[in-house]
Every structure is written in C-alpha cells, then in structure tokens.
Amino acid sequence: GAASPFLEPGTRTSANSLAIVHLSRDNLLPVILQESKGEVDGYAEGSVINTRFGSFPHTTLINQPWGAQVRASIVDTGSRGRKRKLQDQETAVEDSEGAGSTTTPGQATPKDLETASSGFVHILPPTPEVWTTSLPHRTQVVYTPDYSYILHRIRARPGMRIIEAGAGSGSFTHASVRAVYSGYPKADDDARGKVFSFEFNETRFHKMEAEVEAHGLKDLVKVSHRDVYNNGFLVDGKSPEAECVFLDLPAPWKALPHLSRSKPAGVEQDAPWVSPLRSDRTVHLCSFSPCIEQVTKTVEVMRQLGWMQIEMFEVSHKRVNVMRERVGLNMPTDRGSNLSPYDVGEAVQRLREVESKSKEFHERTQGVENGEVDVDMDDAPEAQKTNGTPAKGANESKAPISSSAKPYMMGRLIHRTEPEIKTHTSYLVFAVMPQEWTEEQEAAAFAQWPCGR
Ligand code: SAM
C-alpha cells in the first residue's frame, strides 16, 4: 500500500490520506481527505469541513503543500450530497471543544456562509504528537512527554522490534512505529523495525486494526486480539523477537511471566517454550502504572523473574510558552487570542528603542553604500541580526533593510511558564533483561580477544 503519511508524508497532501486540519493551537482535526466525486450544477460534490472559521471542501485541501494556509470557501447549501450523508457521517469528526467542526457532505449552515472566505486553516502532516492531541480517545492515552522519555529509555530506534500491550487508543503505537521505522518491507521480507501490539478488548482491537490500515501502517504494526495475562505475546505461535517492551496494563505483573527467556514456574504453555524476547540482545522494558501499589507489585515480580536495573521515574511536564510580544505592532494575533498581560508600557518603550535603532542603522548603512562608515552588526536591529547574513548582507543588499524584518521576527522574545506542573500521569518502571549467553557465544567472544583465553 501507500506509504504512511506519519512516516513519509512527502511534500503535499493527497487524496485518501490522513491530514491534520489546524484550526488553532489546541484545536486540531484529523481528516482523511476525500476526492470530489464529480460535479453537480457546476459545484464540486464532496465532503466539507465546517468550522467556526468557515467551510473547507476537502477538494481545496488536496494537493496542498504541507503547512499551507487554506482560505474558507463559499459552500453550496443545496440538498445535493444528501445521498452520501450516511457514508460521510462515518468519517465525520466532532470537534471535542465544541468549536463546531464537522465533516459533512456539500453542506454549509447560514452561519458558515457569513464567516466563509474570512477564515482560514493550516493543513499539517500527521505526526505522533499531533495525533496524540487529536485522536479519538477510547481509553486513557500515553502523552508525548511520557512516551518520548519512555522510547528513549527502552532504546527504541530504527530496526528495533517493540512489544506493546494494551494498544488502547493507539497513542503510544504511533510514536513507537516512528521510532523503529527503518523502511517498508520489500516483497516477502519481514520488516525489521516493527511494533507488535496486543489488545484484549474486542471493539478496541477492531478499531486499532482499521486505524493501522487507514494510516498506511499495516506492514509495520501487527495488532493481535489477545489477553496477554493468560496467553502471552507470541504471534501465530512465533516469537516477535522483541528487544523493547512497553506495558500499559492494569496488572502488568500478570503479563511479566510471559516475557521471560525460559519457561517460568506456573506458566501454562505447551512445550517447547518460545520466548517473545530476542535472545542475543539485552531487552529494555517499561511498565506504565498510575498507582504506586501497581508499581510495588510489578517490581516484586520483576525481581523474581530476573529483571535487573529496576528503576522508577515520573515525568513532571511543564509547558513553557515562548512567543514574541507584538503589542502595538498591529500584527495579526493568534485569531484574536488575548494579548498577553505583559506590561504594555515596557513593550511600547522597547518598540521605540527598536525603531530608533533601526533608523540609526539605516542611516549608517546608507553611509556604507557610499563608502563612508564601517558597520558593526551588533548595532543592527534584532530582526536584521538573526535573519540576514551579518555584515555582508548589510553591505551588499540593495533592498531596504526593513524588508528583511520578517513579521514573525518582530517584537520582543518572551517566555512564560505554566505556574503548576500538570497533574500526575503515571509512574514509569524501567528494567533490563540481560542478553543470554550460550557457551558457544562465550567461546566465540573469547576467541576474538587478541590474547586468547
Ligand atoms: N497505551 C495506550 C495508548 O497510548 O493509547 C493506552 C492503553 S489503555 C490505558 C490499556 C489497555 O489495555 C486497554 O485498552 C485494555 O483493554 C487493555 N488491556 C487490559 N487488560 C489486557 C490484557 N489482559 N491483555 C491485553 N490488553 C489488555
């Protein structure tokens, strides 16, 4: 099938592929873009995203460069398209914040028409990060601050094989497949970088399977419908040969015995025992639990089963907002989002300073062009310094210097932290299962020593 837009987005949006419609920073809408089915009375018939920023027919979003700003369209309000209503409702996505974004067939409400052509959206490629904030929640999910740390600690990298249970809403799945992706399998070849995902709830399992298919990840993510407490982690009786494991389960200690190298006491399984772990590598595991009681039980069983370097962490995530203060610059703001309460007086004062420096700089560079003065770029207005080529640019540019002051470079750079750390998500328990050494491997390793045995 086609490459996943999560892994190889290309340069433009395409039909029948997932794109993220960015309405505002906290309002992202995942949409599978549908091609127009033809024209009726001169109008393209197809799905339309209705938002409070206007109406956006899918056809206007297809074949756009990623990141493009797309303006709202006037949308036909006629009854055409109703016949496809049922079909389209399946793909309709309700905006969780109630901003009124829905995907409907060729329809727009009078309110949409009022705002049509005034609003705009940006169209973004899907990434695990935006997917995590916009995905349909079926369970609690693992968020970016946690999964980035987890994937780093379990050493997920291209070519690795990860076991994940339970799959839940697939937030971790998307992040982990990107981490291990090392290319699509060729012909009959089994992909090396792969995610083996297990889910016990039947509805969630089917949703995950459909999502993996729709996102072009079928060859790289194998979802199994399984109760891992009782039935372990083999896939079609074979070992996934995993070197990374992530457990997000209510009782991880019940799954741990199946993640042993050799058959532990009490595990029912027909001989011969097959371990889901890769034998010639150290295996790194993380178990994610919200309660400390779960952690205690998990650690106890880990010790019994020979896991080592057991450690517990908690990620305390704090958001730092970095922005440019644009008070008084008459710049478009984030869709009327509040101007910050940052001291206006100070900002205006700062603006005056920048303006006067800029004026002075113009006068001096004018002099340079006439061969009169040396220019020290340390005196250049901030925008010029960060943006242009130092000195050389100032000497050679025939264009007015202010033209290089990009809007996003204007204003003073400020940052603000959230006063409170976000509430507790989960405890992360990490552990290591050392590589298994056979006598032959031991002998081979010694033979490689320059001094021999
Ligand atoms: N990590 C997921 C994500 O980021 O979207 C969320 C996982 S959710 C918190 C836990 C999942 O484990 C649930 O979907 C649940 O059905 C599944 N589960 C619980 N017991 C299980 C078992 N014995 N075998 C497999 N899955 C199980």
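A: A salt bridge is taken here as a side-chain nitrogen of Lys or Arg that lies within 4 Å of a carboxyl oxygen of Asp or Glu. The model is a predicted one, and by this rule the count comes to 8 salt bridges. Side chains of opposite charge can pair when their charged atoms come close.

One of these pairs is formed by the side chains of Glu311 and Arg153, with an N to O distance of 2.6 Å. The pair joins distant parts of the chain, since Glu311 belongs to strand 15 and Arg153 to helix 4 (residues 144–153), 158 residues apart. Glu311 has a relative accessible area of 37% and is therefore partly exposed, as the class of partly exposed residues runs between the buried ones, under 20%, and the exposed ones, over 50%.

A second pair brings together the side chains of Asp26 and Arg319, where the N to O distance is 3.9 Å. Here too distant parts of the chain are linked: Asp26 sits in the loop between strand 1 (18–24) and strand 2 (27–32), whereas Arg319 sits in the loop between strand 15 (308–313) and strand 16 (320–325), and the two are 293 residues apart. Asp26, at 45% relative accessibility, counts as partly exposed, and Arg319, with a relative accessible area of 32%, is partly exposed as well.

The salt bridge between Glu243 and Arg278 has its closest N and O atoms 3.2 Å apart. Glu243 lies in the loop between helix 7 and strand 13 (244–247), while Arg278 lies in the loop between helix 8 (252–255) and strand 14 (283–289), so this pair ties together parts of the chain that are 35 residues apart in sequence. Both Glu243 and Arg278 are buried, which means that each has under 20% relative accessible area.

Key:
Residues are numbered from 1 along each chain as its sequence is written. This is a predicted model: local features need pLDDT of at least 70, side-chain atom pairs count only at pLDDT 80 or more; totals for chains, interfaces and linings use all residues. Side-chain values use heavy atoms; hydrogens and water are left out. Helices (H or I, at least four residues) and strands (E, at least two) are DSSP runs, numbered from the N terminus. Buried means under 20% relative accessible area, exposed over 50%, partly exposed in between (1.4 Å probe, protein chains only).
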